There are 2 protein chains.
Amino acid sequence: MSSSRRATIGDVARRAGVSKATVSLAYSGKRPVSEATRQRIFEAAEDLEWTASESARALAMSRTATIGLVLARSPEVISTDPFFPRFIAGCESVLAEAGMGLLLSVVATEEDETAIYRRYATGRVDGVILLDVQTGDRRPALMRELGLPAVLLAPSPAAAGLDDAGFDNVGDKSEDEVETTAFPVVLAENAPAIRDLVSLLVEAGHRRIAHVSGPLRYVHATERRNAFEAAMLEHGLDPSLVVDGDFTAASGRSRTLELLDREPRPTAIVYANDVMAIAGLSLARSRGLLIPEQLSLTGFDDSDLAAHLSPGLSSVSTRADEVGATTARTLLATLAGVAVPITRVDGPTVIARGSIGPPSDLD
Amino acid sequence: MSSSRRATIGDVARRAGVSKATVSLAYSGKRPVSEATRQRIFEAAEDLEWTASESARALAMSRTATIGLVLARSPEVISTDPFFPRFIAGCESVLAEAGMGLLLSVVATEEDETAIYRRYATGRVDGVILLDVQTGDRRPALMRELGLPAVLLAPSPAAAGLDDAGFDNVGDKSEDEVETTAFPVVLAENAPAIRDLVSLLVEAGHRRIAHVSGPLRYVHATERRNAFEAAMLEHGLDPSLVVDGDFTAASGRSRTLELLDREPRPTAIVYANDVMAIAGLSLARSRGLLIPEQLSLTGFDDSDLAAHLSPGLSSVSTRADEVGATTARTLLATLAGVAVPITRVDGPTVIARGSIGPPSDLD
């Protein structure tokens, strides 16, 4: 999130292959710039982590210098889901530079959530970040009604109402509605990484692969489980070895116990997060199983510990901080009048470590 | 943080041994209530997690329904220090109930910090929470100048400018200044738990005990190290087996490697956080050491994983969520006109698990 030298407008212009004046125009909106050029400039600025001074000026004139984020989850989730603190850290790294703050509100019910957004709209925030977007989400319509600028973070095109072709997060709305419903989307997909993990295990020779899911009320947990099942089917393998965890270490331990007692037992377990995988790894070792010879394990999140266990835990880097930074940057660009309909962040990436190996037939 | 039944004003009155009317008066401030009684009532409300409706009414009339929290640390710290997300979750659990939001700002320099507080004071927040309080801290004076209500969270009486006798967070100020400088303090001490851990290890028979510290630029890391050295001296043991970690898994691993190569090597290691301890435990096991027979280890934070490793990691519960909730509740009480000069939260507690045992002489 830090760079040795701060990028300049010249760097952005060079990278985008345009003049400095064009970069300036793209940000100020004073004269029209083609959408393709504007997109290229924005991507260059994105890559170089550059914030336009015009953008900064526009932001400085904003009434509140505040971005709103409403979490419709229990406060405990903030502390147990490793995505949140990293996402918020990423947001703050961008907001701090722009001299802005993040207003965090936690709500228990949909009613409370609506009330908060209504309060936000009375000049309390300049715009909001919408997390956990789902199909049929009522918030985009509410934001439109309230005139609140917003950015959606979505874990899949479907969740954002996007078809494969691109920007269309409006479902079956009429053309009239399209123009006003559409919000910028930041897309960070979960499924491809799970598919890659399963492929890696299958290539290593595994056939009996189990999945310990997260709590299925969360979209990202459901997506990881669905992706696991789809990947197993693609390889012609039985996708039914799925047990429900809840992202806690306790469930990682108890579900692993359950799986290790099956006959025949799985030779590999794909966990929906690192905490469950680390508890499972520790349990398996205490039972005398050799890792990875007798059991391969994989996590998700690439937490700080994963790389420094012995053996290292194979995991998936979600780049939550980059996702947070990109989401904040997209919202700031929106507030500065720059249209950024859709930004795909580099998806989560598999990081293979010592916890994956070929299965032995020793047991 | 959740309870099966919401407490009522009657529950608070019973627990404090007063009438419901007195509880109401203590919160409304409409007629005087003795300081001792008020304190007792507040503690009862605290224990029962009850928020006075009078307090709620006062808060509803507040201009901003927002509490400010400025972090003068790098954004990364939010995601790597497990205390922050839990502390914030605890704050939010109380603020959400009061219909309030938390405005988070991250700053790089003291100048930026002052600028943010000045902006906060222009009707943007009702009050602020001051973390990482140190002796000679300039923020209390700034809050007074700006007229911003504040609560200090301090890890030791000294850090809050308190002497052992009680409330005196004003240092060498004149009496005139005392009245206006003093802020409510929430006190959550680190040192006693480290002393308890060392005692536990000494009682188990350990003599060569090492400490892997956190980054010493943080007050709480320094306090843990100082407490370790003091405890070793109290037991007549050599306190010099201290190596500097930085709270990351990488440093936990590398410092453990270093300690295990010493001759004679330590029989126990006290780590300044769980992540370093878990990396150390994993490394020690991969080297064939039996835990705890050949090496005892302890962490700090009591993270979700600690209880569910095999063996379980002995650790220290910091109750960061309770500390956050208490801090938020203290600030809300302050805003509602209730004087709560000092609140001691139950200090961190040692949780002994399988990673501590008598040292063997097998090696």
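How many residue pairs are in polar contact between chain B and chain A? In this predicted model, the count is 12 residue pairs, both partners at pLDDT 80 or more.

## The interface

By class, the side of chain B that touches chain A has 21 nonpolar, 12 polar and nine charged residues.

The contact draws 42 residues from chain B and 42 residues from chain A. Together the two chains bury about 3,400 Å² between them. Carbon and sulfur atoms give 59% of that area. Which residues of chain B lose the most area to chain A? They are L104(B), L305(B) and H308(B), together 15% of what that side buries.

Several elements of chain B give two or more residues to the side that touches chain A. The helices are helix 5 (75-80), helix 6 (83-97), helix 12 (249-260) and helix 13 (274-286). Strand 2 (101-106) of chain B is also on the list.

Strand 2 links the chains by strand pairing. Three bridges join strand 2 (residues 101-106) of chain A to strand 2 of chain B. The two strands run antiparallel. Within this pairing, L102(A) stands opposite L104(B). L104(B) is also one of the residues that lose the most area to chain A.

S282(A) has 8% relative accessibility. The cut-off for buried is under 20%, so S282(A) counts as buried. Leaving aside neighbours within four places in sequence, S282(A) is in contact with R285(B), L309(B) and S310(B).

## Inside chain A

The secondary structure of chain A comes to 14 helices and 12 strands. Of its 363 residues, 55% are buried. Take the contacts in chain A between residues at least 6 apart in sequence: 73% of them join residues at least 24 apart.

Strand 8 (residues 268-271) of chain A pairs with two other strands of chain A, strand 6 and strand 9. Four bridges join strand 8 to strand 6 (residues 209-213), and the two run parallel. Here I209(A) stands opposite A268(A). Three bridges join strand 8 to strand 9 (residues 296-298), again in parallel. In strand 9, T298(A) is the bridge partner of V270(A).

Which way do the side chains of strand 8 point? A268(A) and V270(A) point one way, and I269(A) and Y271(A) the other way. All of these residues are buried. In a regular strand the side chains alternate between the two faces of the sheet.

S213(A) sits in strand 6 of chain A. Is S213(A) buried or exposed? With a relative accessible area of 0%, S213(A) falls under the 20% cut-off and is therefore buried. Its side chain makes a polar contact with the side chain of D244(A), at 3.5 Å. Neighbours within four places in sequence aside, S213(A) is also in contact with other residues, including R225(A), V243(A), G245(A), D246(A), A272(A) and M276(A).

## Backbone exceptions

Most residues other than glycine have a negative phi, and most peptide bonds are trans. The table lists exceptions from both chains.

| Site | Feature | Angle |
|---|---|---|
| I291(A) to P292(A) | cis peptide bond | omega about 10 degrees |
| S310(A) to P311(A) | cis peptide bond | omega near 0 degrees |
| F247(B) | positive phi, not glycine | phi near 80 degrees |
| D301(B) | positive phi, not glycine | phi about 125 degrees |

Where do these sites lie? P292(A) is in the loop between helix 13 (274-286) and strand 9 of chain A. P311(A) is in the loop between strand 9 and strand 10 (315-317) of chain A.

In chain B, F247(B) lies in the loop between strand 7 (242-244) and helix 12. D301(B) lies in the loop between strand 9 (296-298) and strand 10 (315-317) of chain B. F247(B) has 10% relative accessibility, under the 20% cut-off, so F247(B) counts as buried. D301(B) has a relative accessible area of 7% and is therefore buried by that cut-off.

Key: Residues numbered from 1 in each chain as written. Chains lettered and ligands numbered in written order. Predicted model: local features only at pLDDT ≥ 70, side-chain atom pairs only at ≥ 80, totals over all residues. Heavy atoms only, no water. Contact = heavy atoms within 4.5 Å. Buried area = accessible area lost by both parts, 1.4 Å probe. Polar contact = N/O pair within 3.5 Å; in protein donor to acceptor, adjacent residues only side chain to side chain. Nonpolar A, V, L, I, M, F, W, Y, C, P; charged D, E, K, R; others polar. Pairing = 2+ DSSP bridges. Buried < 20%, exposed > 50% of the residue type's maximum accessible area, 1.4 Å probe, protein only.
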